[in-house]
Amino acid sequence: MQMIAIEFNLNGILVKAEVNPGVRLIDFLRDEYGLTGTKEGCGIGECGACTIILDGKAVNSCLILACQIDGKEILTIEGLANSGELHRLQENFLKKGAVQCGFCTPGMIISAYSLLLLNPNPAEQEIREAIAGNLCRCTGYKQIISAIEESIVVNIEND
Amino acid sequence: MREFNFTNPSTLDEASKILKTSDSSSALLAGGTDLLSLIKHEIIDPENLVNIKNLNGFDKIVYRKGEGLKLGALVRISDIAEHQIIKDKFTVLSDAASVIASPQLRNMGTIGGNLCQRPRCWYYREEFDCIRKGGDICYAYLGKNKYHCIVGGGPCYIVHPSDTAVALTALDAKVTIYSNGDYKSIPIQEFFILPEVNYLKENVLEPGEIVTEIFIPEPKADVKSKYIKFMERNAWDFAVVSVASVMNLSNGKISSGKLAWGGVAPVPWQEEQLNQKMSGLSIDDNSVEEFSKSLFENSEPLEHNEYKLILAKNLTKRIIKEIAAD
Ligand SMILES: Cc1cc2nc3c(=O)[nH]c(=O)nc-3n(C[C@H](O)[C@H](O)[C@H](O)COP(=O)(O)OP(=O)(O)OC[C@H]3O[C@@H](n4cnc5c(N)ncnc54)[C@H](O)[C@@H]3O)c2cc1C
Ligand code: SF4
Ligand code: FES
Ligand code: FES
């Protein structure tokens, strides 16, 4: 079996690995690194539960092969909290009741995080567009949007 | 997923040679957002993936005033959607790019892959051995054909799924193809082919041929353009019907214009006589109504998709009026 050597930055740490070319990034992260916050909903790009950040941009890890990430930077939901302290998006999702079953939550927060990276003060419409690729079957999005909006306000007050 | 080999060629020529000599046992991988789905659903079964994503120089957007716009085949859809010059001068293209799929898919998908993506016909994507997969019948023809084509069909009735292809058709783009050690450039209208020409593929590419660049000539001064996509759910989805238009206006009339439609045919659809009829068309309700009535005279809707013809006519009226009012 062919194995491919890759080197990449995972949540701030440089790692080296050998991967079978048929392995998807989502499985690689979950099975090799125990990063099970990244979820598989549909496996075909439709639900966003598998969203991670690749070189600063939100992408679906179910449609990427592990061997495609050589030399790149990956951020998963586990990389958001800072030494045990939740990221403000995570705090606000809890506070605003934006988490019910929680299956969509990591992907949703990662999409919101990538939006705030580029656009620290998004309008509601921009928030809606940023999470358009993330399905939530429980909350109806209202609480999610308000949790993201809340995270902007905190940002402005703190910085 | 399944077992295959992965190669990272360092030059275009190397990639092309591997793809050519191994024929259908190799597949070209760009962003992978369509290819990996095709493999997962066992529609294709390559032994070898040839990754072109790491090739240098194909991810640039270059605009030269007076000449036009060049998009490398590996430019991401999100980069097109956000590019300021494209928004200003080639609005129809940034409009189309910005309504494709989701932010995550736009960040990964490339323009080359968007043009070369395979059809979304549900029989094709599921386990039906239809004509396009080498079988004997088109399941859609007498089956569930709500989302299939109304014009240009037979013996297969897909619609082409790409939004950018429709915008690029209205913009008279050219597609550059690397072929046997050389480059050739063809009008996008000749890049896509109807099922009656070949129902096993959607474009002219032969094994080993790779799209390297899309070129859009400098538009006329004061041109206005727009893309309108009708989707069933309001979020992100493939177009049910879409329309792209590029036009110049003077004194309440269209002095020249181009239209192209998505979701109606197996290729981005354009009718030369409609483009000609647009020149001199007055932007008043009656003239625009008359014009839209003359759309797709050769259309042959299937059992469940007659609504697309009405939709296409309405969207066409809307786009002309909206561009005129902008
Ligand atoms: C859930 C979902 C929703 C979507 N919605 C839309 C939509 O609304 N509108 C729309 O337009 N698209 C839509 N798409 C399609 C998406 O935009 C394409 O998957 C994407 O653009 C393909 O780009 P890629 O780089 O990932 O291509 P890949 O998946 O890498 O390749 C796709 C195909 O093109 C071939 N190919 C790629 N690059 C080249 C090249 N340079 N030369 C020759 N052949 C090449 C590959 O061999 C493969 O067969 C959707 C996809 C998904 C999964
Ligand atoms: S429309 Fe084309 S792809 Fe769909 S079932 Fe018919 S032959 Fe197959
Ligand atoms: S699991 Fe990747 S988008 Fe649904
Ligand atoms: S909280 Fe259950 S899917 Fe969103």
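This report describes a helix pair, a chain contact and a ligand site in a predicted model.

## Basis of the model

The model is predicted, and local features need pLDDT of at least 70, side-chain atom pairs count only at pLDDT 80 or more, and totals for chains, interfaces and linings use all residues. Residues are numbered from 1 along each chain as its sequence is written, while chains are lettered from A and ligands numbered from 1 in the order in which they are written.

## A helix pair in chain B

In chain B, the axes of helix α5 (residues 91-98) and helix α9 (residues 163-170) come within 8 Å and cross at roughly 175°. The crossing makes α5(B) roughly antiparallel to α9(B) (an angle over 145 degrees). Axes are lines fitted to C-alpha atoms, for helices over the stretch in contact, with angles from 0 to 180 degrees between N-to-C directions; helices (H or I, at least four residues) and strands (E, at least two) are DSSP runs numbered from the N terminus.

From α5(B), B:Val92, B:Leu93, B:Ala96 and B:Ala97 meet residues of α9(B), including B:Val166 and B:Leu168 (contact: C-beta atoms, placed from the backbone, within 7 Å).

## Where the chains meet

Chain B contributes 22 residues to the contact and chain A 23 residues. On the side of chain B that touches chain A, α6(B) gives the most, with five residues.

## The site of ligand 1

Ligand 1 lies between chains A and B. Among the 34 residues around ligand 1, B:Gly31, B:Gly109, B:Gly112, B:Gly113 and B:Cys116 come nearest (near: C-beta atom, placed from the backbone, within 6 Å). Helix α7(B) supplies the largest share of this shell, four residues.

Definitions and conventions
Parallel < 35°, antiparallel > 145°, perpendicular 65-115°, else oblique. Contact = placed C-beta atoms within 7 Å.
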